[in-house]
Amino acid sequence: MKVLVSDKLGDAGVKLFEEAQGISVDVKTGLAPEELEAIIGEYDGLVIRSATKVTTKILAAAKRLKVVGRAGTGLDNVDIPEATKRGVVVMNTPGGNTVTTAEHAIALMLALSRKIPQGTSTMKAGAWEKKKLEGREIFNKVYGVVGFGNIGKIVADRGKGLRMQVIVHDPFISPEVVEKAGFESVSFDEMLARADYITIHVPKTKETADLFNKDSIAKMKTGAMLINCARGGIVNEADLAAALKSGKLAGAALDVFATEPPPADNPLLGLDNLICTPHLGASTAEAQTNVAVAVADQIIDYLLNGTIRNAVNAPSVAGEVLKKIKPMLILGERMGCLQAQLATEPVSAISVEYAGDFKDLDLAPVTTALLKGFLEPALKDDVNYVNANVIAKERGITVSESRVGDAPVYSHLITVCAAGANTKHTVSGTIVGKAEPKIVAIDSFRMEMVPQGHILLVHNEDKPGAIGAIATVLGDANINIARMSVGQ
């Protein structure tokens, strides 16, 4: 088996590959896309970080490729659907840089508060500007943490240790879970109004892009400070620059930018009340060793033993079983994703019912796929088939699974109920023929819906002309209707 390391990897990880019996490793970093495309066909495994782009073109040339391993978490640079279609397992190493990123956020907050970068640069320039560089204490200040995932939890804990008043906003986690951890759960607007510091620890999604913009920054306390060690693009950089110039915000600290490296004309770079680092959140010797060892260990185990760990596109099951249940995994993941989008409040309980003849199959991976689909809109690459159950539990979601004998109408039926404090939604699905997933009911409405592509779900009055009116609106907007299902 041959493995290519195409991005810089810690020596400990490379050493593991070199010592593995039956595996040879080549380290070739800084390859241009066409250079990678020319040689990738020789390799069974590929180790990357953020620089290498694993595109459709690369995957088409990778005839032998069995696994892609990311030393880190983010997988924006991998075409996961194409890899899945070609049977390539995609793994990451969640947790390897959690503490490091959390500590960097705290370090930026302290450096920002005490103007340490400015003090260093002015002294090195021969000045002694003690009066101009007066800072502020963080003791007893209100510390707003956006996102209560693995990193957010550590940041909140460290803030508490610094005797700050920690408040947390995460719309995907019930307030009871946050409060049980010893913190106050608040709405986004309440956090904006109360916090002296806000630190961001959420993935970049459609919902979080430009989360901090002109309107949300206007709701923040005058003189507050903003720290982002998550993803570029969550903070609108032009709006942040305006707020720093006007004095609305006293300062900001960024480790990430919408474009990296940021262009020289980025308006933030010329501001004294902004401090920044070049995406150093995960850059410590300890974190680099952790992720290098983890990714090497996972790839070796898969290539030599067939064991899958921390895969984002495959569960940890034997190959023969995977072949049989793969259509159900796809159905389960899409049903979970649909439930996440139907939810209007944090979900506290998910129940899965399997009805009909499943031929004694182990359906636990299907339940896991469902949870992965449910959590993915909020967590993106941080959730996979391995950790979905653990994350659901951490978020206070009770998961139950049951089997019943017969399924009316269908030979087998999967029904998922997701309940919050005040709302409940039910989605049912089945496999038509050998491998076509279909949603056959949403709440009390029966239908036949193919769960793929962009879907518009409309509740309308059951009266003549309603369907025609909807079709006319879409037609006028030049939106094509590929298929339509009406559920009474």
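I count a residue as buried under 20% relative accessible area, exposed over 50% and partly exposed in between, with a 1.4 Å probe and protein chains only.

The model is predicted: I need pLDDT of at least 70 for local features and 80 or more for side-chain atom pairs, while totals for chains, interfaces and linings use all residues. I number residues from 1 along each chain as its sequence is written, and side-chain values use heavy atoms, without hydrogens and water.

**Backbone entries**

I looked up N310. Its phi is near 55°, positive in a residue other than glycine. N310 sits in the loop between helix 12 (285-305) and helix 13 (319-342). Helices (H or I, at least four residues) and strands (E, at least two) are DSSP runs numbered from the N terminus. N310 counts as buried because its relative accessibility is 16%.

Next, D210. This non-glycine residue also has a positive phi, about 55°. I find D210 in the loop between strand 9 (197-200) and helix 10 (214-218). At 35% relative accessibility, D210 is partly exposed.

Then a cis peptide bond, between E260 and P261, with omega about -5°. P261 is in the loop between strand 11 (249-254) and strand 12 (274-276). Most peptide bonds are trans, and most residues other than glycine have a negative phi.

**Pocket entry**

I checked the lining of the second largest pocket: 30 residues, with L456, L457, V458, M484 and S485 nearest its centre. Strand 18 (445-449) and helix 16 (466-476) are the elements that give two or more residues to this lining. A pocket here is an open set of points on a 1 Å grid over the protein atoms alone, where a 1.4 Å probe fits, with protein on both sides within 12 Å along at least five of seven lines; lining residues have an atom within 4 Å of a point.
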